[in-house]
Amino acid sequence: MNSRSSQPVEVDSGTSQHTDRIESLDLRTKVRLLTGATTFTTAAEESIGLGEVRLSDGPTGVRGLDSSGVRQVTLLPNATVLASSWDTTLLYDTGQLLAEEALAQQIHVVLGPTINLHRSPLGGRLFEAYSEDPLLTGNLATAYVRGLQDAGVGACLKHLVANESETERNTMNSIVDEATLRELYLTPFEIAVADADPWSIMDAYNNINGVAATEQVHVNTEIVKEEWNYSGLIMSDWLATQTAAPAANGGLDLVMPGPDGPWGEALVAAVEAGEVPMSVIDDHVHRLLVLAARVGALGEQRQYPTDLPTPTSLVRKEQLIRLAAAGMTVLTNRDGALPLQQTQSVALIGRHAVDTVCMGGGSAEVNPPHQVSIAEGMTALPGTSVSVVDGVAIRARPASVRRGVLLDPDTREPGIHFVLRSADGSVIEERRSASAVTTIGWDDDLDADVAAIEFRAVSTLDGSVDIGGMGAGDWTVHVGVDTFAYTLGQPLSDDETERPGPSLQEVLGGALQQPPFRTDTSVVSSGTEIRGVVRRPMSPGRFAVTVAPAQRGSDEAIAEAVSAAAEADVAVVVVGTTDERETEAFDKSTLHLPGDQDAMVSAVASAARRTVVVVNAATPVIMPWRDEVDAILWAGLPGQEAGHAVAAALYGSIEPSGRLVSTFPAEDGQSPAWSVTPVDGDLNYTEGVYIGYRGHHARHAPEPNFWFGHGLGYSSWEYREAHVTDDSSVQVSIANVGDRESREVVQLYFDPVEPDQPVRLVGWQGVTVQAGSAADVEVSADPRMLRRWDTSSSRWAPLSGRGQFILARGLGDVRARLDAVPAEARAQRTS
Ligand code: BGC
């Protein structure tokens, strides 16, 4: 994407040198290297020229070494928007962009891509992962990994394996039969390992068939390292490792984070007792050295470029708008309601229009310099007439402050000024946070315990506001003449000084994600000072000051929306989910939109001349108003340039050429795999290989609202003269019969005759064609999608080859069915 990214690192793959290095180390030193040195770095060892390897989340931005949210970095569109492009070039560009972000912070490895599958749409973390389909996921991951690694930054495939939901995430046991594991959940890992050689992989928190992912000899050693010949390093998810010998013998190479952990002396003792062979330890160290060599942390340390684009640069803005808009997906479009015309007056309605959700929650969160709302993006376009109306409430909890609502009193920059103080009153650290959120005691390595967090800001709002505190502690908040004092979380007696925090395990289990909160109403004018203190804050803990215009009731909001809609040529209603739902550590319980958004859409649709709905959500939502509106644009969580990208897609300066990466069910419960709640710790993948479109097609679930692969773009297509060629490829001529240049994604599915084998995507080809022109497209079936796992022989076996190839724009819009030429017939022909 940007050719100025650093020179690829010379890989010191000299295995013999690694052997010499390893031989020079004693056992204790070797073992020390196999646990992180800090939360996000590995240990260095000067005697062999090994520097620390610096890791960062991943996958939609490079947050850096600490998560307290101080450094501003670029926020990319979320994974499902990127994936909806079905464009490997775009994913390669994403990897290159992330590599630049990593190099700017001297990060060696980005903890991504997340390539778990969308098993049930309730999974909280689907926003981070690509798709319900293993081929699409594997091929897109391959491109992303290549983009990163071609610039000398390591990728980390995560989370190996069967980690598709968050409920009881640290302890749950996924029960998955071997064929399902192989044919579905391992396939994206297998494809990415074979085609991109990722430099690291992360073992998941969960158990698989009763064995912890970090102790899975079967998965880590037998499959990944032996069958797939994987030469990279397998690290644990953060705090996932529970044991010494079983994990070390189970194929896990590196325990993260450190410096504490279950290996250390326990592993030294296990080696000395003969429970873990020295060769196993040496292999782990060897893999660490290979990684270090690849990223430039072994021997001569790498040089970093200093001229990379900043998160606020025009280069980034253009890249991010393009990446986001390309994956946006036109779900319906009656009578050419989209793209909008500049001459139309627009009533832009909805909380998501003014408070656009640009990212999901959890370890993928970053601290971006700005998050352009759809209202800002639409009103920034010259020559348009857009009136903006806030909508109904969408959150159960207060949102982070919108950028610009608070200003730092000293710098007048957007944000709040935090001062962390110790018990004697001295300053431990000052922080300036644009989002008015800060985290203490997790990965900030502070010199002293935080006894108080002071904060100061100036409000830019006028009128009635909801003002609140979030995070366990004793709060005092001063807003102009009002003072609010309260305790959040467990009350303490007067002589207690510390409010005990969660364990690190609990932190990663979600304890930091949804801290207690309270809001009060106050009246402010622009310039009103907001200040206060949290005494005896819980540590680790997350703290936020929240300020927003006071919430109106739904009736009032809907009435205002309806009257604005009636006066405009077109109403654009922006609805969606929030980072409360699209988040690590928690699953969803429904796909219905939060609050009274459905009622708002229906009311607007009945009053407006034309209604366009923009869906600001990463994953499927239920749309009871689907047939009441003229067009639906699915926009995902579009990253920091969200508003500009949505404006580009709505007005058509960039074609929203996305195709869905997961099937949208018509109602809650109507997906082939639904529950994400373990029973007695077990989550049974009883649906086998029939997830998503595979299950809908086999009628294991009712007709969905929108199929995987669906997406209209801004043109129309005819499919002509399709035929199967000798080598299980299909050729087709497609004609763009619309009136603008457009990108078509020709999708090839195979429906085998074997009754226990589902239909599956076997290949696709994206092609851009001028209006009125045709193109010949050839799509080849990936052989990895034409095999089955034979449980009796524990081997891959080819399918019979009999069945049908299907050319479709999602299986709800089949364009051609072609008899497949069986393998033996092909063989006869060629002999
Ligand atoms: C997540 C990983 C992440 C790690 C480090 C874990 O809780 O599951 O995806 O990379 O934390 O932040």
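This is a predicted model: local features need pLDDT of at least 70, side-chain atom pairs count only at pLDDT 80 or more; totals for chains, interfaces and linings use all residues.
A salt bridge here is a side-chain nitrogen of Lys or Arg within 4 Å of a carboxyl oxygen of Asp or Glu. Residues are numbered from 1 along each chain as its sequence is written, and side-chain values use heavy atoms, with hydrogens and water left out.

**Salt bridges**

- By the rule above, the count comes to 46 salt bridges.
- Arginine 351 lies in helix H13 and aspartate 390 in the loop between strand E11 (385-389) and strand E12 (406-407), so this pair ties together parts 39 residues apart in sequence. Helices (H or I, at least four residues) and strands (E, at least two) are DSSP runs, numbered from the N terminus.
- Arginine 351 is buried at 15% relative accessible area, while aspartate 390 is partly exposed at 23%. Buried means under 20% relative accessible area, exposed over 50%, and partly exposed in between (1.4 Å probe, protein chains only).
- Arginine 28 forms a salt bridge with glutamate 265, with 2.8 Å between the closest N and O atoms. The two residues sit in helix H2 (residues 27-33) and helix H10 respectively, 237 residues apart.
- Arginine 28 is partly exposed, with a relative accessible area of 44%, and glutamate 265 is partly exposed at 49%.
- Aspartate 410 and arginine 432 meet through their side chains in a salt bridge (3.7 Å, N to O). Aspartate 410 is in the loop between E12 and strand E13 (416-421) and arginine 432 in strand E14 (residues 427-433), so the pair ties together parts 22 residues apart in sequence.
- Salt bridges that share partners join Arg125, Glu128, Glu166, Arg169 and Glu584 into one network.

**Domains**

- The domain assignment gives domain 1 (10-295), domain 2 (406-549) and domain 3 (715-830); such bounds come from an automatic or database assignment.
- The C-alpha centres of domain 1 and domain 2 are 34 Å apart.
- In domain 1, 14 residues are in contact with 11 residues of domain 2, contact meaning heavy atoms within 4.5 Å.
- About 1100 Å² is buried between domain 1 and domain 2, with 51% of this area from carbon and sulfur atoms. Buried area is the accessible area (1.4 Å probe) that two parts lose on being put together, summed over both.
- Between domain 1 and domain 2 the count is 0 salt bridges.

**Backbone features**

- The peptide bond from methionine 256 to proline 257 is cis, with omega near -10°. Proline 257 is in the loop between helix H9 (245-249) and helix H10 (264-272).
- Leucine 338 and proline 339 are also joined by a cis peptide bond, with omega about -5°. Proline 339 is in the loop between strand E9 (329-333) and strand E10 (345-349).
- Aspartate 335, in the loop between E9 and E10, has a positive phi near 50° and is exposed at 65% relative accessible area.
- Glutamate 721, in strand E27 (residues 717-724), has a positive phi near 45° and is exposed at 67% relative accessibility.

**Buried positions in helices**

- Threonine 221, in helix H8 (residues 217-227), is buried at 17% relative accessibility.
- In helix H17 (residues 597-607), the buried residues include Met600, Val601 and Val604.
- The buried residues of H17 pack against E10, helix H13 (351-354), helix H16 (554-567), strand E23 (570-576) and strand E24 (611-616).
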